[in-house]
Amino acid sequence: KLDALGLYDDTVIVVTADHGEEFNEHGGFWHGLTLYEEQIHVPLLIKWAKGHEPDAPGIDSGIARLLDVGPTLLGVTGITVPEGMQGVDLREPFSTRLEKDQQVYSEEDHEGNVLWSLRTEDEKLIVANAGNPRGLPERAYFDISGDPLERDAFDDPDAEARLEEMAELQLQAAQGIAVEAEEAEMTFERCEQLRMLGYVEDCSHLR
């Protein structure tokens with residue numbers, strides 16, 4: 001129809017989904033009760049308007065998030081992204097994004113199951129409330145690069161602590177709580193870590 005109306009070439013089309021479905025991958029059916037990949041890894045297909053196709057290499061690699069769709073569509077149309085809007089323009093190569101924009105933070109609070117997860121390209125941590133009705137483990141750490149179906153959780157305290165710290169920063173950002181370097185007691189090295197993540201703008205005063 002768009003083609004018949006002469007609109008297809010000038011139209012951006014996005015096909016995605018708000019969630020996936022569980023078909024007994026982890027012992028259940030339905031959605032909304034876990035944060036395993038079958039629930040949160042959804043399709044994202046973009047047909048760009050003619051003349052607006054991204055020419056930067058690597059834009060179709062790496063993690064994309066649903067919250068990136070809005071800024072991407074606004075960017076294509078030339079509309080300024082509102083201040084405080086989360087997400088990045090997906091026309092920006094994955095490798096050039098801030099570390100916080102190379103991660104996926106997810107939350108779940110449904111039917112007594114309260115969970116959060118932090119996913120990077122290679123690893124993932126899921127934390128669930130004790131005694132949750134779904135019977136999920138309280139902590140599950142996965143090597144996504146070698147175990148994309150999340151079959152074998154294992155203990156790695158250092159990795160779990162690192163992902164948990166990243167998740168806390170993601171939560172603070174989502175809630176609009178800025179990490180102000182000048183108001184925090186921290187070393188220059190620690191501040192630089194936060195700056196590289198995109199949460200602190202300047203650390204020069206700590207030198």
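The exercises below concern cavities, pockets and selected residues of a predicted model.

Residues are numbered from 1 along each chain as its sequence is written. Local features need pLDDT of at least 70 and side-chain atom pairs count only at pLDDT 80 or more, while totals for chains, interfaces and linings use all residues; side-chain values use heavy atoms, with hydrogens and water left out.

**Exercise 1. Describe the largest cavity and the class of its lining residues.**

Step 1. A cavity is a set of points, on a 1 Å grid over the protein atoms alone, where a 1.4 Å probe fits but cannot get out. The search of the whole structure gives 1 cavity of 30 Å³ or more.

Step 2. Lining residues have an atom within 4 Å of a point. For the largest cavity these are Thr34, Leu35, Tyr36, Leu115, Ile126, Leu136, Pro137 and Ala140.

Step 3. Ala, Val, Leu, Ile, Met, Phe, Trp, Tyr, Cys and Pro count as nonpolar, Asp, Glu, Lys and Arg as charged, and the others, Gly among them, as polar. The lining accordingly holds 7 nonpolar residues, 1 polar and no charged.

**Exercise 2. Characterise the second largest pocket and locate Ser61, one of its lining residues.**

Step 1. A pocket is an open set of points with protein on both sides within 12 Å along at least five of seven lines. The second largest pocket has a volume of about 260 Å³.

Step 2. Its lining includes Leu44, Trp48, Asp60, Ser61, Gly62 and Arg97. By class, 8 residues of this lining are nonpolar, 2 polar and 2 charged.

Step 3. Ser61 is placed in the loop between strand E4 (44–47) and helix H2 (69–77); helices (H or I, at least four residues) and strands (E, at least two) are DSSP runs, numbered from the N terminus.

Step 4. Ser61 is partly exposed because its relative accessible area is 37%; buried means under 20%, exposed over 50%, and partly exposed in between (1.4 Å probe, protein chains only).

**Exercise 3. Determine which residues of H2 are buried and what covers them.**

Step 1. Val69, Pro71, Thr72, Leu74 and Val76 are the buried residues of H2.

Step 2. Their cover includes strand E1 (13–16) and E4, where contact means heavy atoms within 4.5 Å.

Step 3. After H2 comes Gly78, with a positive phi near 85 degrees.

Methods:
Grid points are joined across faces, edges and corners, and a volume is the space filled by probe spheres set on the points.
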